[in-house]
Amino acid sequence: MQTSFSKPAKRIVAGLAFSAAVAIVLTGCSTGSSAGGNASDSKAATATSAADMGGMDALVKAANAEGALNVITLPPSWANYGKIIAGFEKKYPDIKITSANPNGSSADEVAAAKSLKGQSTAPDVFDLGTAVLNENTDLLAKYKVSNWSDIPADFKDADGTWYYDYTGLMSVGYDSSVIKTAPTSITDLLSSDYKNKVSIKGDPTQANEAASAVYLAALGNGGSADNIQPGIDFFKKLKGDGNFNSTLPTQATVNSGETPVVIQWSYNNLAWGPAGGSAGNPNWKTVVLPGTALGSYYNQAINKDAPHPAAARLWEEYLYSPEVQNLYLAAGAYPATLAAMEKAGTVDKDTLKTVGEAPSDFVQLTSDQATAAAKLLTAGWAKAVN
């Protein structure tokens, strides 16, 4: 596989198997801790590496003294964040995580950081889509994790203000007890079989995952990463035909049948099906549509005004450890350091075999393309679906 697969390209999806539970087409955060509570706070707030704190042991000590970490918009089923959060608290029992607004958007993260600035309940860390990230880099602190060199150069900001964490592919999840035939193209969703059944993950002007559903529709209707207007036009038709369901989909709405078709990241659709265990819908199947695939890395970053700056930095160190990068992988979310882990022998080989090799190429919007797309969505989305 290639070391980097962030550059826009076309891919015919041939695999991305997730054991017998999946086949493709697969037929198929408030805390009681106070900000500024110990002498290390000012040092931690400006630390750009663990070395600036005096090493990892000193960083852990400072984070333990803070005793809290605020994360935001991290649903437990999203990219294995339930296990990731539990693992952090087990490894660092003196630090209590508060996970706010788990079903929120990237824009909600930014809004919380701004409205709660100076308060102990403000988010310490972010997990942001690219378009929202690009508009809010002034909120970010510079920090480079210890294994910085394991993150490919085009997966990170050279100064350490942001770095890719994981990616999946946009997919269609559907309840096979309701939809009897798997869709083979995005335009299949315009048929009468999908009346009031197709949902996306929120407002595309606010949430990267929802915006990516529009990008996928653009690619399937003659558009491109440079022209997402056909995607907006597709959803206007979907709405006009009565097939668009504006309900925000969750595991609960999938299980109840309220949202029987959801366009979202592959790792999320997979988590809502049999792979989700007893909480999942046994009839839920995941399809990565043939043709041009769409991916998008999310971005990790630290709030420059984090109320728990040492814990925020320790969280990033934890996320980029092989232990947690393998947890992303187990959920079907390809981690940023995968190539380095394969080379070092630290990747979970059984998990990688089950999940399948990372796609070597797919369409991913560049920063400039995402910014242009966001402007087009802001101007035209509401008119298209209201």
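This is a predicted model: local features need pLDDT of at least 70, side-chain atom pairs count only at pLDDT 80 or more; totals for chains, interfaces and linings use all residues.
Start with Lys237, a residue that is partly exposed, its relative accessible area being 45%.

Lys237 has a partner. Its side chain meets that of Asp241 in a salt bridge, with 3.6 Å from N to O. Asp241 is partly exposed too, because its relative accessibility is 26% and the buried class requires a value under 20%.

How many salt bridges does the structure hold? There are 5. Lys237 with Asp241 is one of them. Two others are worth a visit.

Go next to Lys201. This residue forms a salt bridge with Glu209. The closest N and O atoms of the pair are 3.1 Å apart. Are Lys201 and Glu209 buried or exposed? Both are buried. So each of them has a relative accessible area under 20%.

Now look at Lys91 and Glu323. Their side chains also meet in a salt bridge, at 3.8 Å from N to O. What does this pair tie together? Lys91 sits in helix H3, which covers residues 81–91. Glu323 belongs to helix H11, made of residues 322–330.

Lys91 is partly exposed, at 43% relative accessible area. Glu323 has a relative accessibility of 42%, so Glu323 counts as partly exposed as well. Lys201 and Glu209, by contrast, are both buried.

Notes
Residues are numbered from 1 along each chain as its sequence is written. Side-chain values use heavy atoms; hydrogens and water are left out. A salt bridge is a side-chain nitrogen of Lys or Arg within 4 Å of a carboxyl oxygen of Asp or Glu. Helices (H or I, at least four residues) and strands (E, at least two) are DSSP runs, numbered from the N terminus. Buried means under 20% relative accessible area, exposed over 50%, partly exposed in between (1.4 Å probe, protein chains only).
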